[in-house]
Amino acid sequence: MTLIKNISGFRGTVGGPPKENLTPFDIVTSVSAFCKFLKEKYNTKELIVTTGRDGRASGENFHTIVNRTISLMGIDVIDAGLSTTPTLCWGVLTNKSNGGIMITASHNPEEYNGLKFFNEDGEFLSREDMNKVIEYSNTTDFEYQNTMNLGSIKTYKNLIEDHVDEILKLDIIPVEKIRSMDIKIVVDGINSGGAIAIPLLLDKLSIEYKLINGEILGKFSHTPEPLVENLTQLSEQVKIEKADFGIAVDPDVDRLVFFDENGVIFGEEYTQVVCSDYVLSNKKGSTVSTLSSSNAMKDITIKHGCEYFHTAVGEMNVVKKMKEVNAVVGGEGGGGIIYPDLHYGRDALIGTALFLSLLTTTKEKVSEIKSRYSLYFMSKLKIKLDVNLDVDSILSSISDKYSKYNPILIDGVFIEFDSSWVHLRKSNTEPIIRIFTESKSKKEADELANKFFDLVNSLS
C-alpha cells in the first residue's frame, strides 16, 4: 500500500522507500508539518501535544520518533504510551493540550501504521487544517530548535484509568446497578490497547470476564478489523464460557462490536443503534450517522420521537453535524459510538458502558434485545483502484444512469430504492472503492452489491 495522506490522517505499510511507504523519514516530515501548523495557529512558544500509540510492532519506534520530533520543534510532549484513540482524544481535551497525535493504523493489519492528528478539542482537524498539514508534510521547510529550546517530554501512564473514571462519573451510567448484575463477558483485546482499557473498565464495574488475545507483543492474533469473519475465536469462546455476551474492538479501540450469548455477532451496524436506544430512552434529542450506516439507526431515532441526520462518511463530518443540530448521540455504522457529554469522538469504552447500562433495564438475553430493532442486512464489497483510474468519472456516470432516483452526492453516490439502498465511495484510508448496500433480505443486499460491482468494473 502506498502512503496515503488525507483528512483521516496518514497511513501506509511500514518500511521501503521514503514518500512511498511509511518510513522514519515520513514520520519526521509529517510530525514536523503538524507542529508547524500548531505554531502558526497559536503563535506562542508554550505549546503541548499529547501522544499515544496502539500495540503494533512498529509503534514503539515510531512513538520515539514522534516525541523527539515534537521536542525538536520546541513543543512540549505528554507521552501517554500504549493507549487508545478515544483515550488520547479525551486526554487532549481534558489536559488542555494544543493537539494530539495517535500512532495507529486503526483496523489495518500489523504491517501498517499511521498517524491520526487531533486539535485542542480532541477532534480530527478540519478539512482546511488537515490540507495545510498535508501541504507542509510534502516540504522540508521546518525550523528545528537548538539544545536550549527543546520541548520537554513527560510520560503519563494513567490516562486510560482517568478516561475510565470519567465515564463512570457520567449521570447516564448507573454504576451500582451494573455492579449488581450477575453476568460474564468474553473480551477480545486484539493484542492492543483494548486488552488494557476494556478489562480496566470491567474491573471497576465488578464484571466477570475472560480476556482473549490480551498479550501485547506487536503481533495481532487475527486480522484486526472487527468483522464476523475475523472473530471466530471470540464466537467460540463465548459459547465455551457460557458467557452472556462478547466484546470485540479494533487496535485503537474506537470501534466496538458485540456478540450474543450464542456466539452470534450482534452486528457492527447495531452498536450505535443499541447504544443510541439507551441514550434516547434517558435523554431526547437528535442523532447523527453516516450515509453508509444502517437505516436501523434512523428507525430507532424516529421511534423515540427524535430527528435523525446523515452525513458523508468520516468522524469529522459526523461531529460537525452533531454540533450543528446539538445531537445527544451519534456515530458510524462500523461500530463507532459518539457520546458528546464525554467527548466528540468514537469511543468503544463509553459504548461498552452504555450497553451494560441498557442491560440493567431488562432481563432479556442479548439475542432477544436484538429483536427490538428493525432487521436489515448489509453487503460490503471493495474494488481495488488502478492508479490511472478516473474514479470521479465512473461515479458521475453511475449518478447519471440512476438520476431518476435523485442520488445524494455529498460522498460518492448514494441511491435509495423502494426497499434498499446502495452507496459507492472512495475510501479515505485505502486505495479502493467501497460498495455498501442494505435491504430487508440478505439475498437482495448481496444481489444489489454484485450488480453495482459489475457496473463499476464495466465502466473502468
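Helices here are DSSP runs of H or I, at least four residues long, numbered from the N terminus. With that in hand, leucine 72 sits in helix 2, which covers residues 59–72. Keep in mind that this is a predicted model.

**Leucine 72 and its surface patch**
- Leucine 72 has a relative accessible area of 38%, so it counts as partly exposed, the class between 20% and 50%.
- Leu72 teams up with Tyr144 and Leu150 in a nonpolar patch on the surface.

- Look for aspartate 250 in the loop that links strand 10 (245–249) to strand 11 (256–259).
- Aspartate 250 is buried, yet no salt bridge goes with it.
- What the side chain of aspartate 250 does have is a polar atom 3.1 Å from the backbone nitrogen of aspartate 254.
- Setting aside neighbours within four places in sequence, aspartate 250 is in contact with Ser106, His107, Ile190, Pro224, Pro226 and Arg255.

**Asparagine 450 on helix 15**
- Asparagine 450 is part of helix 15, which runs over residues 442–459.
- Its relative accessibility is 40%, so asparagine 450 is classed as partly exposed.
- Between asparagine 450 and aspartate 418 there are 18 Å in space, C-alpha to C-alpha, and the two are 32 residues apart in sequence.

Definitions and conventions
Residues numbered from 1 in each chain as written. Predicted model: local features only at pLDDT ≥ 70, side-chain atom pairs only at ≥ 80, totals over all residues. Heavy atoms only, no water. Helix = DSSP H or I, 4+ residues; strand = E, 2+ residues; numbered from the N terminus. Buried < 20%, exposed > 50% of the residue type's maximum accessible area, 1.4 Å probe, protein only. Lys, Arg positive; Asp, Glu negative; His and termini not counted. Salt bridge = Lys/Arg side-chain N within 4 Å of Asp/Glu carboxyl O. Polar contact = N/O pair within 3.5 Å; in protein donor to acceptor, adjacent residues only side chain to side chain. Contact = heavy atoms within 4.5 Å. Patch = residues over 30% accessible without salt bridge, like charges linked within 9 Å, V, L, I, M, F, W, Y side chains within 5 Å. Areas by Shrake-Rupley, 256 points an atom, 1.4 Å probe, with all protein chains shown as cover.
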